Amino acid sequence: MRGKNHSGSVGSARRRLAACAAIFSLAVAGGVMAGAPATAAPVPATAAQASVVQAAVPTAANPLPSVDPVGNPASYSVLVNKSRPLNPVSYAPGDLVNARGSGQYLRAEAAAWLNGLFQGAADAGTGGLAVVSGYRSYAQQQQVYSYYVSIYGQAQADLISARPGHSEHQTGLAVDVGNANGSCGLSTCFGDTAAGIWVAANAHKYGFIVRYPNGYTNITGYSYEPWHLRYVGVDLATDMKRRGFPTMEQYFAGNPTAYASITSGADLVAADSSGRLLRYPAHGGGGYGVPTVIGSNWHGLKQAFVVDWDSDGVYDILAQWDNGTLGLFTGWPGGAFSTQIVVGTGDWDKMNITVGKWSAAERFPGVVGYFPDGGLRYYPNTMGRSLIYRVDIGSGWAGMGLTMADWNADGANDILATTTSGHLLSYPGNGSGGFAGLPTTIGSGWGTMKALVPSFGLSGPGTRSITAHTVDGYLVDYALGAGVWGAQRQVGNGWNGMKLFK
């Protein structure tokens, strides 16, 4: 069910509609793949330690979507909303099971994880949860929607009910839950109960999200529904939580970035020896498709970074040139980039830098890097344009390669540093422009890597990885867990002469 309960007539009507539901009987019985170098288990390291500061972590380690929306109705991460109907609209899942003996049905995997969620809520002392509604067929959703229209009129019905073929319940992945004692059933007050608060904070651990959060009606098209949970899988749900995406619409590409030159955090961008700027689109198989030329005359480049520098939801490029200039090329929603905006001048060619969200106190991503003297500095991007000042955050970094990535999956970016001896170290960030403790060694033999590029969604929604460019022209992708390496595979070869964007 879908609705919004305020004090007054709408709230009363919602309670009546919960009873009406029974009348309708809504419950129903890539690239080249190969082996890759191994990584060492984490052990204590003795590399130079940066200054330690304790603070909160940022809400979004990477501010942009991972991959394009999923349209396959059988996918656990399928995006269904007002503008994206199921295809076919009469789709019905084939693996429905009775969820917790409730007489409401869910797909088997969603039902299994729902058991864990209910047990977690009970163990937390919330008073427990109950299943209220699950799968609804196209025909059943048509009955429900028509009833809402007859009661409220179409405009209000569209805020609280999905049209047939557009309903998450039809996927078998959506479940409405309530308090075990029946209080606040299908009402916004559920979000203020102990169970509702626990669900909002912990559902991602079991692969669920609160699909229609408070304050996002303009994005989802629906009123706040703290009881409506959607199963998307643990990887995607956790990634949304970690990176601060409250809705699936915001997580997936396809809104502001649908026609931009770079649409996904899983895509790979590179400049070839002729100066062409190429975008290699990621595909669901964990590799890259045929490249598209998105720029030319990219000569004299030291390195460059794909980043949403101005936090407008469209990827930009920050370029570090051999002439000492740091230049910004803002991405346009319709495609292409602006002419260069100079955000730094002087000796930027002498610096080794990495770019990303380094502090929760700043709205925009910034720059971390060092000069030949080895002093590590953080340059906040306070206005989404130029870099105005710096903060010294460490020493002894000379000769290290730098990549910003969230190694331990705590929501704060860390610095992954390659040493001259080929060790890979992880320096944990504290989310406030400093470090949270001593580094650990997370690999060896990394001296053969020319570049390490963070990737989001290359192996599917919610996945994270590091794509390494080897000196002999191979691309090797290393999956990231929570402070551990996952699967490793070769995803390309023949990349000599290419400069990967970080």
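Which residues form a nonpolar patch on the surface? Met383, Ile388, Tyr389 and Val391 do, and together they have about 420 Å² of accessible area.

A quick note before the close-ups: this is a predicted model, where local features need pLDDT of at least 70 and side-chain atom pairs count only at pLDDT 80 or more, while totals for chains, interfaces and linings use all residues. Residues are numbered from 1 along each chain as its sequence is written, and side-chain values use heavy atoms, with hydrogens and water left out.

**View 1. A nonpolar patch on the surface, with Ile388 as one of its members.** Patches like this are built from residues with over 30% relative accessible area and no salt bridge; nonpolar side chains (Val, Leu, Ile, Met, Phe, Trp, Tyr) are joined within 5 Å, and like charges within 9 Å. The areas come from the Shrake-Rupley method with a 1.4 Å probe, and for residues only the protein chains shown count as cover. Look for Ile388 in the loop between β19 (376-379) and β20 (391-394). Strands (E, at least two residues) and helices (H or I, at least four) are DSSP runs, numbered from the N terminus. Ile388 is exposed, at 61% relative accessible area; exposed means over 50%, buried under 20%, and partly exposed in between (1.4 Å probe, protein chains only).

**View 2. Val177, a buried residue.** Val177 sits in strand β5 (residues 174-179), and its relative accessible area is 0%. Leaving aside residues up to four places away in sequence, Val177 touches Phe118, Ala130, Val132, Phe190, Trp227 and Leu229; a contact here means heavy atoms within 4.5 Å. Gly196 is 19 residues from Val177 along the chain, and their C-alpha atoms are separated by 9.1 Å.

**View 3. An open sheet of four strands.** The order is β13-β14-β15-β16, with antiparallel pairing. Because β13 (301-307) and β16 (341-344) stand at the edges with a single partner strand each, one side of each has no neighbour in the sheet. From one strand to the next, the twist averages 25° (axes are lines fitted to C-alpha atoms, for helices over the stretch in contact, and angles run from 0 to 180 degrees between N-to-C directions). Strand β15 (residues 326-329) pairs with β16 over three bridges; two strands count as paired if DSSP finds at least two bridges between them. Leu326 has Gly344 in β16 as its bridge partner.

**View 4. Asp95 and Arg107 in a salt bridge.** Their side chains meet at 3.0 Å, N to O. This pair links distant parts of the chain, 12 residues apart: Asp95 is in the loop between β1 (43-44) and β2 (96-98), and Arg107 is in strand β3 (residues 105-107). Asp95 is partly exposed at 26% relative accessibility, whereas Arg107 is buried at 8%. A salt bridge means a side-chain nitrogen of Lys or Arg within 4 Å of a carboxyl oxygen of Asp or Glu, and the whole structure has 12 of them.

**View 5. Arg211 and Glu249 in a salt bridge.** The closest N and O atoms are 2.9 Å apart. Arg211 belongs to strand β6 (residues 208-212) and Glu249 to helix α8 (residues 248-251), so the pair ties together parts 38 residues apart in sequence. Arg211 is buried at 0% relative accessibility, and Glu249 is buried too, at 5%.

**View 6. Arg377 and Asp373 in a salt bridge.** The side chains meet at 3.3 Å, N to O. Arg377 is buried, with a relative accessible area of 9%, while Asp373 is exposed at 55%. Elsewhere, salt bridges that share partners join Glu168, Arg211, Arg230 and Glu249 into one network.
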